[in-house]
Amino acid sequence: MARAVTLIRSASLSDVEYAYAATAPAEARLIFLAGACPLNDDGSTAAVGDYAGQAAKAMENMQAALSAAGAALQDVISTRVLVASTRQEDLVAAWQVVRDTFADHDVPSTLLGVTVLGYKDQLVEIEGVAAVLDS
């Protein structure tokens, strides 16, 4: 299946393998994802107190939303990762899960520390945009 997303890397920006930009052709259908939250099927917050555990659940929920829209992780063109913490190590713990889940599809992302998120005990939320080519 042809993918719409082209990741753009620049050695002049970093010696780390990472896409700082991405493009999609004009004919691509864009999918704007609401923030994926670390919620269980019953609406409770998963992995209370665990940044990495909440990031994993949020990524699982993001994949379900992508699937419902006819897309997959490889169709994501950008993300924004929100972490309710002022500690850099908490942000890194969540980010590592996101990066590992995307694997070689290292989409441009913004990692932000925020003061509070919407659900009780919520520590992580992940927004995204995807692009697909419909046949």
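Let's start with helix H2: among what covers its buried residues are H1, E4, E5 and E6. Bear in mind that this is a predicted model.

**Helix H2**

Which residues of H2 are buried? They are Asp 90, Leu 91, Ala 94, Trp 95, Val 97, Val 98 and Phe 102. If you look down the axis of H2, these buried residues fall within an arc of 155 degrees, so they line one face of the helix. The length of H2 works out as well: at 1.5 Å a residue, its 15 residues should span 21 Å, and the C-alpha atoms at its ends are 21 Å apart, which agrees.

**The sheet**

Now for the strands. In what order do the four strands of the open sheet come? The order is E3-E6-E4-E5, and the pairing is mixed. Strand E3 (29–36) and strand E5 (109–114) stand at the edges with a single partner strand each, so one side of each has no neighbour in the sheet. Going from one strand to the next, the twist averages 10 degrees.

As a bit of background, strands of a sheet pair through backbone hydrogen bonds, and they can do so in a parallel or an antiparallel way. Here, strand E4 (residues 76–84) and E5 run parallel, with six bridges joining them. To find a spot where you can see this pair, pick Val 83: its bridge partner in E5 is Gly 113.

**How the helices sit on the sheet**

Helix H2 (residues 88–102) packs on the sheet and touches E4, E5 and E6. The direction of H2 makes about 155 degrees with that of E4. Helix H1 (residues 51–68), for its part, lies across E3, E4 and strand E6 (124–132), and runs at about 30 degrees to E6.

You'll find Ala 103 in the loop between H2 and E5. Asp 121 also has a positive phi and is a residue other than glycine; look for Asp 121 in the loop between E5 and E6.

Are these two buried or partly exposed? Ala 103 is partly exposed, and Asp 121 is partly exposed too. Here are their values:

| Residue | Phi | Relative accessible area |
|---|---|---|
| Asp 121 | near 70 degrees | 37% |

Terms used. Residues numbered from 1 in each chain as written. Predicted model: local features only at pLDDT ≥ 70, side-chain atom pairs only at ≥ 80, totals over all residues. Heavy atoms only, no water. Pairing = 2+ DSSP bridges. Helix = DSSP H or I, 4+ residues; strand = E, 2+ residues; numbered from the N terminus. Axes fitted to C-alpha atoms, helices over the stretch in contact; angles between N-to-C directions. Contact = heavy atoms within 4.5 Å. Buried < 20%, exposed > 50% of the residue type's maximum accessible area, 1.4 Å probe, protein only. Expected span 1.5 Å × (residues − 1). Arc of directions from axis to C-beta.
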